[in-house]
Amino acid sequence: MRRNCYCSILALAFVALLTDVSGAQPTPGYNNKIPESIMTPHNLKTRIGTFEYFDGIPTPETADAIYKHLDYIRGVETFLNGLPAASLEAVRRGQASLGLKNSNQVLIFDELMDSNSLFLTGNTDTVYVSAFLDLKKDGPTVIEVPAESGPGTANDAFFRFVTDTGPPGLDRGKGGKYLILPPDYDGELDPPVGGMEAEVEGQKYFVSKSTSWVNWYIARGFLKDGKPDFSSQLFRNGLKIYPLAKAADPPKMEFLNGSGKAFNTIGSNDFNFFEELHAVIDREPIEMLEPQLRGIFASIGIQKGKPFAPDDRMKEILTKAIDVGNATARTMLWYERDKSAFLYEGSYWKRGFVGGSYEYLKDEGMGGRNLDARSFFYYFATVNTPAMTLKLVGKGSQYAWGYLDSQGTYLDGGKNYKLNLPKDAPAKKFMSIVVYDPQTRSELQTGQPFPSKNNVRDKDTLIFNDDGSFDLYFGPKAPKGKEANWIQTVPKKGWFCLLRLYSPTEAWFDKTWRPGEIELVK
């Protein structure tokens, strides 16, 4: 009897040991109470289906579904993060389709860029010159920039800033020789981002170093008396691009006029995107991108030194992923969640560079890389330079994106709208409005080859109000008597516009001058 009591006491003590301090009973199959937060149920309904487990181990069917989803989201991530590289590659391929394959072969828009060519938000107001450098083939490469040139920029193959030329550059508009060093350069020169002045082989250069073999150089020339002739000749006679090794006998410059030509420089929104991105990753130095970004691309088969050859399963997944990636980028454009992206309180004018950082750093880097801002920008625009983000009074350029009317509704080409622009435009060079197509993000194709108005170029024809402001009208037909202030739109199509300010003044930065809202005219 005494022994039975002793055994009962031991049993009760053992049960007490299995009970935690809160008095909870052990989880079945365990000696203790296991927190539910670390357990996985046998069945779990999710947005991509019901998952089934045996004691936390996914069934083969669940594992297959998960891997399909993982490949899918990595495909979406690759699209959104690979946009800078694929976009610049598309520009390169577009120029190559015209026969421009060497650095001394330059695309120039002698009569300005019209809506025939497909360029992401190109302007109708400056003479563009565009050239691609191949530092692997040519080594250190010189760009001779003539005095009085407008702003120019060199970007690497991931659309990162290398250097500026012209007024925002080191030559300050006086012209000079720029030297771009390749990524494998290991000499004494150690230029910072943006470049430095240095003596090379007895001559003064503005020296920069790129992280990639391929670099894009694009510059703009200003109109004189409303005409492009001066800048066209300035570039044709003064712009020189050649390998430093051939400085004594540089190859002859070749210029191709792109005005009026129909060709494409915009990256794909379908499976071809991945092939365009792979071409960049395979060509460029491994160090061009940091390991985590390379890892995202490699997770779907885009890796340097390996062919991109997805099987049928993977190709089907990536094709669906690109559809969602494209939809995501377009949603970022038209449905902004970041209120700081807007220029003014209660306004729908949006900044070109969301966050105000050409490096896409959030809160000066405390928030890391603003990935959405980077995807947003490279889906609808090109060229990356601090001159577009910093407060450079009287230099560089500033932009505002008009994509919604005053009520927050997207713009319909079959309706009529009105925009008031106050007097004293805050730009020393010019202020313009250019209208674009939401599908191509290029100039809207209408009966007007130049879908724009410019306060300098068009000053003799624009109708001004008594207070010095002027109204612009948008719609399929011109309002009677307002033809000079009308930009044509297309029924059953949308549109958006960019407000450009070249050499912006203090009134833009302190916001004492601001554009009106785009008003629907009923």
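Predicted model: local features only at pLDDT ≥ 70, side-chain atom pairs only at ≥ 80, totals over all residues.
# Cores, rings and a buried helix

The largest nonpolar core of this structure has 71 residues, and those with the most contacts inside it are F274, F380 and W401.

**The nonpolar cores**

- F380, which is among the residues with the most contacts inside the largest core, is in contact with L120, T121, L333, G352, W401, R441, F496 and L498, once its neighbours within four places in sequence are left aside.

**Helix α8**

- Helix α8, which spans residues 371–380, is mostly covered, since eight of its ten residues are buried.
- The buried residues of α8 are A373, R374, S375, F376, F377, Y378, Y379 and F380, and F380 also belongs to the largest nonpolar core.
- The elements that cover these buried residues include the helices α2 (60–96) and α7 (312–334), together with the strands β15 (349–351), β16 (397–402) and β23.

**Aromatic rings**

- A pair of aromatic rings is described by two quantities, namely the distance of the centres and the angle of the planes.
- When rings with centres within 6.5 Å are taken as pairs, the count for this model comes to 35 aromatic pairs.
- The rings of F474 and W495 have centres 4.7 Å apart and planes at 20°, and because planes under 30 degrees apart count as stacked, this pair is stacked.
- F474 lies in strand β21 (residues 470–475), whereas W495 lies in strand β23 (residues 494–504), so the pair ties together parts that are 21 residues apart in sequence.

**Charges over rings**

- K224 lies over the face of F230, at 4.0 Å from the ring centre.
- K350 lies over the face of Y403, at 5.3 Å from the ring centre, and the position of K350 falls within strand β15 (349–351).

**A buried serine**

- S231 is located in helix α4, which covers residues 229–238.
- S231 has a relative accessibility of 1%, and because buried means under 20%, this serine counts as buried.
- A polar atom in the side chain of S231 lies 2.5 Å from the backbone oxygen of F222.

Notes:
Residues numbered from 1 in each chain as written. Heavy atoms only, no water. Phe/Tyr/Trp six-rings, centres within 6.5 Å; stacked < 30°, edge-to-face > 60°. Helix = DSSP H or I, 4+ residues; strand = E, 2+ residues; numbered from the N terminus. Lys NZ or Arg CZ within 6 Å of the ring centre and 35° of its normal. Buried < 20%, exposed > 50% of the residue type's maximum accessible area, 1.4 Å probe, protein only. Contact = heavy atoms within 4.5 Å. Core = buried A, V, L, I, M, F, W, Y, C linked by side-chain atoms within 4.5 Å. Polar contact = N/O pair within 3.5 Å; in protein donor to acceptor, adjacent residues only side chain to side chain.
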